[in-house]
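I am opening a notebook on a structure that is new to me. The entries below follow the order in which I looked things up.

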Amino acid sequence: FGISDNRIQKWKMHAYVIRDRAKFSALGWLPQGRPDFVNGFANAQQLWMAEQPSDYYMRHLLLHEGTDGFMHAMLGGVGAGWYMEGMAELFGTHHWQEGNLHLRWFPEDRQQVPMWGRVKLIQEACHAEKALGLQAVLSIDKRRTFSTEEYAWCWALCKFLDAHPRWQKRFRQLPSHVADREFNEFFRESFQKDWSELRLEWQAYIRSLDYGYDIPRMVIRHRAGKPLEKTATIKIAADQGWQSTGWLLRGGKEYQIAATGQYTIAHDTKPWLCEPGGVTLQYHAGQPLGKLVGAWRGEGGNFSHPVPIGLQAVLKPEHDGVLYLRVNDSPARLSDN
C-alpha cells in the first residue's frame, strides 16, 4: 500500500475471536451497529471474527479483516465494494509454512485452503452460465452484507489485475484514491484505453480459472489483425496462453490451417514430447493434452469454447475475426512446457 514504516510503528489492532457470541453480547464486546455480522467485521482499530473449524480459514479471516482495518486506518477509506473486499481477500489468501508468510498467493490445490472455496464458486457459476462480467463485479455494493459468491468475484478481479504484467502498475496506484467518492469512475478512466481488452481477458480468465492459474503466462498476446490474402506462417509458444496470429479471417470464407513441430508438454520422470495433434495419454478440457486449438476475436467469437485444430483443420468463421492459437494445457501447468 506504500505506507512508510514510521506511520505503522505504533498502530495495532485488537482482534476478538468469538466462539460463543452470546457471551460477547452480554459483555458488550460486539461491534456497535454490526452485532449480527456473519464471519468477520473490522474498523480502524478493532476486528471481530467467528472461530473457524479450519486453521487455514482462521488465519485467512484474520488477514482479511486485518486488511480492512489497515485500509481504514492508513488510507482513510476502502474504495468501492469490489475493491474493499477484493483486497481483503487478496491479502487473506496466503501460504504459511515454517514461520514464513506469503501473501497474495494463488493456491495450487484446494487441500491447501480448506473452507475457502473461491475458485470452485466461480467454476460453478461459469458452468451454469451465471458468470459475472467485469461491469457486474464493479457494481457490487459495499453497503450491505456480501454473499460468499461475491467475495469470490471480488478476489478474482483483484488477483487478476494485481498479477497481470500490463495492468499491475495501474492497479497498484488505486490505494491513493480509496477515499474518493468516484472511485469506480477513476478506475474506468485509468483503464479506458484498454477497456475492450480488459473485458476480453476477464472472460477468458474466469472461464478457465483453476487452482495454480499462472496469470502472467496466460496473458493474451494481442496483435492487430490484417486480412489474410495468401499463405502465411507463425510460430506459437507452447508455454504461453492465447497468442494472436495477426490474421483477420473473413466471415463465410474457408481457411486451411496446418501445424508442424515438436515440443515438451509435461514432465513425468522424463519429458513428454508432443506434436500439434496432442497426446491421448491425458486430456484437458475435453481435448488431448498439447493439441493445437484456436479461437477468434470478433463478433460471435470468444475464448470460452476453443476450436480443435491439431495437425490440420478447415476453419470457416461466421463473422470476421482475428485468429488466436495456443496449445491445450492447464493454466496451472504451462511452466514445464
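Entry 1, a loop. I began at A285, which lies in the loop between strand 11 (279–284) and strand 12 (287–289). I looked up its backbone angle: phi of A285 is near 55°, a positive value in a residue other than glycine. Is A285 buried or exposed? A285 is exposed, with a relative accessible area of 68%. I note here that the model is a predicted one.

I then turned to E98, in the loop between strand 4 (95–97) and strand 5 (100–102). E98 is not a glycine, yet its phi is positive, at about 50°. Its relative accessible area is 75%, and since exposed means over 50%, E98 counts as exposed.

I stepped back and found eleven helices and 16 strands in the chain. The C-alpha trace spans about 75 × 45 × 40 Å along its principal axes. Of the 337 residues, 47% are buried. I also looked up the contacts with a separation of 6 or more: residues 24 or more positions apart account for 63% of them. The chain exposes about 17,900 Å², and carbon and sulfur atoms supply 48% of that area.

I traced an open sheet with the strand order 1-3-2 and mixed pairing. Strand 1 (14–18) and strand 2 (40–42) are at the edges with a single partner strand each, so one side of each has no neighbour in the sheet. From one strand to the next the twist averages 10°. Strand 1 pairs with strand 3 (residues 46–50) in the parallel sense, over five bridges. Which residue of strand 3 does Y16 stand opposite? Y16 faces W48 there. I then looked for what covers these strands: helix 3 (residues 55–75) lies across strand 1, strand 2 and strand 3, and runs at about 155° to strand 3.

Strand 13 (residues 292–297) and strand 16 (residues 321–327) pair in the antiparallel sense over six bridges. In this pair, A295 stands opposite Y324 of strand 16.

I looked up the largest nonpolar core, which has 57 residues. The members that touch the most others are W82, Y83, L161, F187, L198, W202 and Y205. Elements giving two or more residues to this core include helix 3, helix 4 (81–92) and helix 10 (195–207). Which helix gives the largest share? Helix 7 does, with ten residues. I checked W202 in particular: beyond its neighbours within four places in sequence, its contacts include L132, V137, W153 and F160. Apart from this core lies another, of 13 residues, among them L228, W247, L292 and W296.

Methods. Residues are numbered from 1 along each chain as its sequence is written. This is a predicted model: local features need pLDDT of at least 70, side-chain atom pairs count only at pLDDT 80 or more; totals for chains, interfaces and linings use all residues. Side-chain values use heavy atoms; hydrogens and water are left out. Two strands pair if DSSP finds at least two bridges between them. Helices (H or I, at least four residues) and strands (E, at least two) are DSSP runs, numbered from the N terminus. Axes are lines fitted to C-alpha atoms, for helices over the stretch in contact, and angles run from 0 to 180 degrees between N-to-C directions. Contact means heavy atoms within 4.5 Å. A nonpolar core is a set of buried Ala, Val, Leu, Ile, Met, Phe, Trp, Tyr and Cys residues joined through side-chain atoms within 4.5 Å. Buried means under 20% relative accessible area, exposed over 50%, partly exposed in between (1.4 Å probe, protein chains only). Accessible areas come from the Shrake-Rupley method with a 1.4 Å probe; for residues, only the protein chains shown count as cover.
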